[in-house]
Amino acid sequence: MDSLRHAIETIPIPGAPPRLSQQGAAVGLALLDTSLRLNHVRRLTERLTVVEHGTARRTTEIDVSLRLLDEGQRQATAALQDLIGREHGERAGARGTHQLWVPLARLPRRYVTPVDVFDSGGRKLPRLTQHEASRLIASGLYRLLRGILAGDEHAQSAKNELNTFLFRVHEPRWLVQQALMTLLTERNQPAENFSLPPAEGTVSGYGSQCRAMALNILDTHAELLAEYAQLLDIAVNDYLLVVLLDAAVDEHLLTYETPLYVEAKAPPLKEQWQRLLAGRRGYFVSYETTIPATVKSYHLVASTSPEAGVSHMYLSTDADRELVDSLVADLGALAERTGAAQSRDSGGAWHKILELQAQTTVRKLADLLRRRKWEAGRSGRRLPERAMPACHRLAAAVTTGEAVRTETNVDNSLLRHPRFDAANLREAAKELTDLQFAHDLVLDNSITDNEGRAHWRHSGGGHRGGEQIRVRAGLVLKDSTQSRPFSVMLYALAVGAVSFALGWLLAGSPWPYGQAATEALGDVGDGQSVITMLLLVPGFLYSRLSLPPHRTVVGYLATLPRTLGQLSVVAAAALAATIATKSPGEVVQVSLTLAVGLPVLAALLLLGQRSWHPSAVPLSRIGLPRWAVADGAERWRPVDANVRFDSSGSGDVAQPAPLDPHPRRSGQGRLRNRPPAGDQSGL
């Protein structure tokens, strides 16, 4: 609502009501409702292609089923064609066609770029312009605002300011209408508030009173408009991707491309250090995006060039965030009431209510623990009891069916179970938070060559339209050929051998040290031929190496072999320089030692790298949730990603939100307590 307030404060009061149609309002709310629920989207697939360092291509595929649209959505979207004809003049053949305008996704308004949508046959589909969609949504949001305020108990009181705003004074309403229209139709949004100071010697006039009335209505009824504010935030921050589909065909497969945003480059020294380490641990790519919580199935396909391969790939979402947050709160509340429950009469109503609450909470905990254990087993991980002892004790108490024997009978109450105590409840809440239990895990164990796939689907319900799920994926790429370090190793040995052979010939001995060798090296007769050999042979051999381009991922992985090969060339060139300048024998001896020793050391280092595992970085260090590495077999201190991509383009791209219990959602509003307004019967 801050943007709406700022618009009301700065936009001139219109002299006539803006053009807002009632039919357009119904269509706008229907489009917004459909984009929030996305009940017609059966599957969402993202294909991420990483070939060059720092750039990636993302293609989104959507499986749409028009049969899943309800009747209200069909009627409202079908009427949109008539509204467009009325706005821009009648179009031949527009009426009577079996076509529907269907929202596919919400795109961040701040970084939106032109998006072309194609069907399965490669045909480009018509898109609703953002200006047209924004005008419809603005009409709908104003009608919704008026309907919410009119439902207040004071709206019919003639002495109340709300009645004056709704029915008697027009200018404040016109101002709100114009503010909504301006916010939604203009691409630019207010970055910071600014105030226009009044002139000296003036008093508050009629225009100022109208503006103050509109602002006061929003402030007075802020609690009533809480969910409306969240809906307005979504409409202001997002564009709707709406395309025209053939209503005679139920199933559609649509494809479109959207840009990815990459973090700012690291400092040069850190960037070079990461390049050198990439040959050992692999090229680590971090990808973050948001998907609608109503999407039933999500696929992520990551691929790279044929010369590179995918070593590891995982996908994690925060789909269970609300469940874990509620469990932590409920476990804390139960811990406070457990002692009081034991001191009260076990037959009282208060005790029975607490028993039902305890059963509900601990059953949710047990089911969540079961799902995490199954996810760990499917991914080849372990979630041992010693990692979460309190959660396992509570889960056993509610699932094993154990009871407590009393003097008269057997008591099945969970409150009487010896493991159900305040200490276990508090410790279980702490374990859920510390081990990032809100994040699930999909680990791809069936990677083929240069492509990895991760498939995620909802494990539970309870998500409403407008909610967003934050997805974080990580993949480690490696050089699949493994031939480049070996070829550079042979090259380094060849350069060292050439330098050693020339030193042997110049010194007259395989041991180029001592008084005689020093004098011989300081007085080289035909230095031009020696210089030619030292420059021509290493240069020719280096040109025969098949090193990949520097900007590609494979070139990034080959940074260490490339650097060691160049170091061997530099060592040979330094020896040639000392001979060309007729340096003293001692200097030539030092340069000869370096020209032989550095290539040999480089070859030994590359030989060691060749014997290493293709990707030695543990899975725990590339962003897996902590519960997935809770057995302590691996270190879970994360490593810095070589590149980070983010689909939303929000302000935290350079430092993506970590996998902590309460990360910030980027750029998306959330509707918690009431479903989005999709019923336009009263408008």
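This is a predicted model: local features need pLDDT of at least 70, side-chain atom pairs count only at pLDDT 80 or more; totals for chains, interfaces and linings use all residues.

Q: What share of the residues is buried?
A: Of the 683 residues in the protein, 50% are buried. The protein exposes about 32200 Å², with 55% of that supplied by carbon and sulfur atoms.

Q: Let's zoom in on helix 3. Which of its residues are buried?
A: Helix 3 covers residues 71–78, and its buried residues are Gln73, Ala76 and Thr77. They span an arc of only 95 degrees around the axis, so they sit on the same side of helix 3.

Q: Which residue caps the N-terminal end of helix 3?
A: That's Asp70, with a side-chain oxygen 2.7 Å from the backbone nitrogen of Gln73.

Q: Switching to rings. How many aromatic pairs turn up in the whole structure?
A: A search finds five. One of them is Phe437 with Trp627, an edge-to-face pair at 6.2 Å centre to centre with 70 degrees between the planes.

Q: Where in the chain are those two?
A: In distant parts, 190 residues apart. Phe437 is in the loop between helix 14 (422–434) and strand 13 (442–443), while Trp627 is in the loop between helix 20 (585–611) and strand 16 (643–646).

Q: Is Phe437 buried or exposed? And Trp627, buried or exposed?
A: Phe437 counts as buried because its relative accessibility is 0%. Trp627 is buried too, with a relative accessible area of 0%.

Q: Which charged end sits over the ring of Phe437?
A: That of Arg372, 5.7 Å from the ring centre. There's also Arg370, whose charged end sits over the ring of Trp374, 4.4 Å from its centre.

Q: Last one, Glu61. Where is it found?
A: Glu61 is in strand 2, residues 57–65. Its side chain makes a polar contact with the side chain of Arg47 at 3.0 Å.

Q: What else does Glu61 touch?
A: Leaving out residues up to four places away in sequence, Glu61 touches Arg43, Leu44, Thr45, Arg47, Leu253, Leu254 and Thr255.

Technical notes
Residues are numbered from 1 along each chain as its sequence is written. Side-chain values use heavy atoms; hydrogens and water are left out. Buried means under 20% relative accessible area, exposed over 50%, partly exposed in between (1.4 Å probe, protein chains only). Accessible areas come from the Shrake-Rupley method with a 1.4 Å probe; for residues, only the protein chains shown count as cover. Helices (H or I, at least four residues) and strands (E, at least two) are DSSP runs, numbered from the N terminus. The arc is that of the directions from the helix axis to the C-beta atoms. A polar contact is a pair of N or O atoms within 3.5 Å; within protein, one must be able to donate a hydrogen and the other to accept it, and residues adjacent in sequence count only if both atoms are side-chain atoms. Rings of Phe, Tyr and Trp (its six-membered ring) pair if their centres lie within 6.5 Å; planes under 30 degrees apart count as stacked, over 60 as edge-to-face and the rest as tilted. A charge sits over a ring if NZ of Lys or CZ of Arg is within 6 Å of the ring centre and within 35 degrees of the ring normal. Contact means heavy atoms within 4.5 Å.
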